[in-house]
Amino acid sequence: MPLTRISLGAGKSRAYREALVDGVQRALVETFNVPQDDQFVLITEHEPEFLVYNRRYLGIERSDDFVAIQLTVSNTRALEQKEALYRRIVDLLAEAPGVRREDVFINLVEVLPENWSFGHGVAQYVKR
């Protein structure tokens, strides 16, 4: 846990995509106490007509470098941890690969711990 989905416009370099993954993972480790090797990431690149977003929703000016990050996590974190995660992701992605803070959209999907199976058909987080 977590499952990270990153959606962005097509055409970015491998180094850019790797910096996105690294920044999100580092923020999760630092703010959500996720183990460093607990990393499951899906990256999807979209042509412009398949990445639709409002460029000015809530008064935030978004550019063509918009990145959507969806994190499916166990529902075990406090509001303060979530806010720290959002800030840390934006800070790290601003450093590398240089994503504008306005272009980072983050969505948490919280699930019960028993909704995870990492293999073998076993719910590893279920306490028995």
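How many salt bridges does a search of the whole structure find? The search finds 11, a salt bridge being a side-chain nitrogen of Lys or Arg within 4 Å of a carboxyl oxygen of Asp or Glu.

A word on the ground rules: this is a predicted model, where local features need pLDDT of at least 70, side-chain atom pairs count only at pLDDT 80 or more, and totals for chains, interfaces and linings use all residues. Residues are numbered from 1 along each chain as its sequence is written, and side-chain values use heavy atoms, with hydrogens and water left out.

1. Start with D64 and R55, a salt bridge whose closest N and O atoms are 2.4 Å apart. D64 is exposed at 59% relative accessibility, while R55 is partly exposed at 33% (buried means under 20% relative accessible area, exposed over 50%, partly exposed in between; 1.4 Å probe, protein chains only).

2. R56 pairs with E61 in a salt bridge, with 3.3 Å between the closest N and O atoms. Here R56 is exposed at 54% and E61 partly exposed at 41%.

3. R100 and E102 form another salt bridge, their closest N and O atoms 3.5 Å apart. R100 has a relative accessible area of 35% and is partly exposed; E102 is partly exposed, at 35%. Elsewhere, salt bridges that share partners link R26, E30 and R88 in one network.
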